[in-house]
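User: I have a chain open here and would like to go through it with you. Can we start with the aromatic residues and work outwards?

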Amino acid sequence: PETGTPAVGLTVPDDWTTRAESGKKFNAASADGSINFSVSLLAYGGELDALAFQTADAAKASEPQNAQDITLAGFDGMSYYSRMAANPDVVLRIIAVNLDTTHVALVTLTMSAKIDVDKGWAAENVIRTMRFSRPAQ
């Protein structure tokens with residue numbers, strides 16, 4: 001929807017699996033499991049850097065690095081990169097965008113640092129197709 005309860009929409013390749021949880025979280029994975037997405041819609045009014053650090057810590061990943069401004073589906077936020085502590089060959093990308101002053105869309109993406117170019121582009125295309133509704137005011 002354009003407004004109301006925050007909602008997410010995205011397009012994934014036909015062979016990917018998807019699962020929605022509790023209306024506020026969406027998961028998607030490539031057919032071979034080498035790419036995993038999680039999109040969460042959160043009530044959050046804090047700093048995006050703090051949310052990224054909390055997310056990396058909960059995932060048992062290194063501290064987020066390479067913070068970059070990002071606009072995703074018309075919403076401004078930040079993008080970060082990290083590596084999983086148990087397997088440094090797995091990259092964790094954290095994207096957090098403000099939907100308004102009290103709601104955030106949190107996107108986490110894990111994939112092998114050794115992934116082939118086509119799969120990397122598939123992951124980027126999923127990110128590019130994301131759309132979010134604006135929370136009701």
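**Aromatic pairs and surroundings**

Analyst: F75 and F132 are both buried. Keep in mind that this is a predicted model.

User: How many aromatic pairs does a search of the whole structure find?

Analyst: The search gives two aromatic pairs. In one of them, W16 and F37 are tilted, with 6.0 Å from centre to centre and 35 degrees between the planes.

User: Where in the chain do W16 and F37 sit?

Analyst: W16 is in the loop between β2 (8-9) and β3 (17-21), and F37 is in strand β5 (residues 35-43). They are 21 residues apart, and the pair links distant parts of the chain.

User: Is W16 buried or exposed? And what about F37, buried or exposed?

Analyst: W16 is buried, at a relative accessible area of 10%. F37 is buried too, at 4%.

User: What is the geometry of the F75 and F132 pair?

Analyst: That pair is edge-to-face, with the centres 6.3 Å apart and 75 degrees between the planes. F75 belongs to strand β7 (residues 75-83) and F132 to strand β10 (residues 131-132), so the pair ties together parts 57 residues apart in sequence.

User: Why is that one called edge-to-face?

Analyst: Because the planes of F75 and F132 are 75 degrees apart, and planes over 60 degrees apart count as edge-to-face.

User: Let's zoom out. How many helices and strands does the chain have?

Analyst: There are two helices and 11 strands. In sequence order the pattern is β-β-β-β-β-α-β-β-β-β-α-β-β. The radius of gyration is 14 Å, close to the 14 Å that the globule rule gives for 137 residues, so the chain is as compact as a globular protein of that length.

User: What box do the C-alpha atoms fill?

Analyst: Roughly 45 × 35 × 25 Å, along the principal axes.

User: What share of the residues is buried, and what share of the contacts joins residues 24 or more positions apart?

Analyst: Buried residues are 42% of the 137 in the chain. Of the contacts with a separation of 6 or more, 51% are between residues 24 or more positions apart.

User: And the surface: how much of it belongs to carbon and sulfur atoms?

Analyst: The accessible surface is about 7500 Å², and carbon and sulfur atoms hold 51% of it.

User: How far apart are L92 and I70?

Analyst: Their C-alpha atoms are 16 Å apart in space, and the two are 22 residues apart in sequence. For I70 and L99, the figures are 13 Å and 29 residues.

User: Changing topic: which helix holds K119, and which residues does K119 touch?

Analyst: K119 is in helix α2 (residues 117-129). Leaving out residues up to four places away, K119 touches D32, S34 and I35. K119 is partly exposed, with a relative accessible area of 30%.

User: Where do N66 and A73 lie?

Analyst: N66 is in strand β6 (residues 65-72) and is exposed, with a relative accessible area of 51%. A73 is in the loop between β6 and β7 and is partly exposed, at 37%.

Methods:
Residues are numbered from 1 along each chain as its sequence is written. This is a predicted model: local features need pLDDT of at least 70, side-chain atom pairs count only at pLDDT 80 or more; totals for chains, interfaces and linings use all residues. Side-chain values use heavy atoms; hydrogens and water are left out. Helices (H or I, at least four residues) and strands (E, at least two) are DSSP runs, numbered from the N terminus. The radius of gyration is taken over C-alpha atoms; the globule rule is 2.2 Å times the number of residues to the power 0.38. Buried means under 20% relative accessible area, exposed over 50%, partly exposed in between (1.4 Å probe, protein chains only). Contact means heavy atoms within 4.5 Å. Accessible areas come from the Shrake-Rupley method with a 1.4 Å probe; for residues, only the protein chains shown count as cover. Rings of Phe, Tyr and Trp (its six-membered ring) pair if their centres lie within 6.5 Å; planes under 30 degrees apart count as stacked, over 60 as edge-to-face and the rest as tilted.
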